[in-house]
Amino acid sequence: MKKKRKFSFLILIVIMDVLITGLSLVMGCLTYSSNTKKIQQNDASIRLTNLTGNIRYALSFIGEIEKYYGLHGALVDAKEEMPRFLDLYVLDRDGNVISATSDEELSLRVKHMTPGTNRVQGRQFICVFSLTDGANLVSVEDASPIFEKEQSYFPKLILIAVIGFLATGAIMSIFWVLVKKEKPRRAILILILGAWVMLFGAFVGVTSAKDYSNSLTTLNGIIEEAFEQDIATLQEEGVPISSISDFDSYLSRYTENIPEIEKIVYKNDGLVFTRSDNYIRSVYLDYALQTLLSLMFTGMILAEYTIFLAKTREEEGKEEQDAA
């Protein structure tokens, strides 16, 4: 009976291993999903740069967006040029649709989204970008690229979680057999579990940060591609590139919705990007804080569970004394 009770601690700690690994896995998936959507939003922002820039430019003369009668045509043209966007909407400060490429009504939740935010709704990926004077542009895309990335990453994360869980369980079982004294044995098992949680959380944080870092290089390529297309369009219309002088104002459009890029300069027939080190550091700090909060949350659960195990041991000890 006593031997059976001793093994109850090992069983309970393995159960805790399952719970904490599952919780860390869920948090890791949520972190990756949020990161993927942010990267996709930056991509959409660059694709829509000409549209948002042209609307802002027109409004600098017109004033009120309700008086911009060419707005619907601009949205339709943008959608035809970029079929990746299923629909485009312009909303006023109260969330009312001013113009749209579709008669499909937006949900109240989407209408109340703030600029710079995004969400997946069904099979659609929705982003909101600020125009001016409280007016916002809402883009609707197919969410399949996001789902594909998640479906590629999640199985890998699950596999790592399973391997980590099994390895942790095996190591704890080995120390359970090797260490004869009960108190050191319990402390070692809890430390092993805590170390696994830290390693798994760090892996998720580093992976998300790496994907974000890679996306910055991708953003540069997308901007260069869009810039080359614009230049090619001007040349087709007979405008020589040598006659274009104010590149800075044009390129500043790309930085308005992409805080990661501080400045873009056209030099020697190419673009030179200056990243916003302060903003990028803040993003990496957010990844570190998310990882830390995840570890703190699971650590609190582990601490509470440890207290529970200690109380269980005390009760077992009392029962043994009473039986004696």
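Trainee: What makes D43 and R47 a salt bridge?

Mentor: The closest N and O atoms of D43 and R47 are 2.9 Å apart. The cut-off is 4 Å between a side-chain nitrogen of Lys or Arg and a carboxyl oxygen of Asp or Glu. The value falls within that limit, so D43 and R47 form a salt bridge. Keep in mind that this is a predicted model.

Trainee: Where do D43 and R47 stand relative to each other in helix α1?

Mentor: They are 4 residues apart in helix α1, so about one helical turn separates them.

Trainee: Why is D43 called buried?

Mentor: D43 has 15% relative accessibility. Buried means under 20%. Therefore D43 counts as buried.

Trainee: And why is R47 called partly exposed?

Mentor: R47 has 28% relative accessibility.

Trainee: What does the pair of R84 and D43 tie together?

Mentor: R84 lies in the loop between α3 (71-81) and β1 (85-91), while D43 belongs to helix α1, so the bridge ties together parts that are 41 residues apart in sequence.

Trainee: Is R84 buried or partly exposed, and why?

Mentor: R84 has 27% relative accessibility. That lies between the cut-offs of 20% and 50%, so R84 counts as partly exposed.

Trainee: What makes R84 and E141 a salt bridge?

Mentor: The side chains of R84 and E141 come to 2.6 Å, N to O. With a limit of 4 Å, that makes a salt bridge. E141 sits in strand β5 (residues 135-142) and R84 in the loop between α3 and β1, so this pair ties together parts that are 57 residues apart in sequence.

Trainee: Why is E141 called buried?

Mentor: E141 has a relative accessible area of 2%. The cut-off is under 20%, so E141 is buried.

Trainee: Which residues are linked in a network of salt bridges?

Mentor: D43, R47, R84 and E141 are linked that way. A search of the whole structure finds 5 salt bridges.

Trainee: What makes the charged end of R84 sit over the ring of F85?

Mentor: The charged end of R84 is 5.2 Å from the ring centre of F85. The distance limit is 6 Å, and the charge must also lie within 35 degrees of the ring normal. R84 is listed as sitting over the ring of F85.

Trainee: On to the aromatic rings. How many aromatic pairs does the structure hold?

Mentor: The structure holds 4 aromatic pairs. In one of them, the rings of Y32 and F154 have their centres 6.3 Å apart and their planes at 70°.

Trainee: Why is the pair of Y32 and F154 called edge-to-face?

Mentor: Centres must lie within 6.5 Å, and planes over 60 degrees apart count as edge-to-face. Y32 and F154 have 6.3 Å and 70°, so the pair is edge-to-face. Y32 is in helix α1 (residues 2-47) and F154 in helix α5 (residues 144-178), 122 residues apart.

Trainee: What makes Y153 and F154 edge-to-face?

Mentor: Their ring centres are 6.4 Å apart and their planes stand at 65°. The limits are 6.5 Å and over 60 degrees, so this pair is edge-to-face. Y32, Y153 and F154 form one aromatic cluster.

Trainee: Why is C127 called buried?

Mentor: C127 has a relative accessible area of 0%, so C127 is buried. C29 has 16%, so C29 is buried.

Trainee: How many disulfides does the structure hold?

Mentor: The structure holds 0 disulfides.

Conventions. Residues numbered from 1 in each chain as written. Predicted model: local features only at pLDDT ≥ 70, side-chain atom pairs only at ≥ 80, totals over all residues. Heavy atoms only, no water. Phe/Tyr/Trp six-rings, centres within 6.5 Å; stacked < 30°, edge-to-face > 60°. Helix = DSSP H or I, 4+ residues; strand = E, 2+ residues; numbered from the N terminus. Disulfide = S-S within 2.5 Å. Buried < 20%, exposed > 50% of the residue type's maximum accessible area, 1.4 Å probe, protein only.
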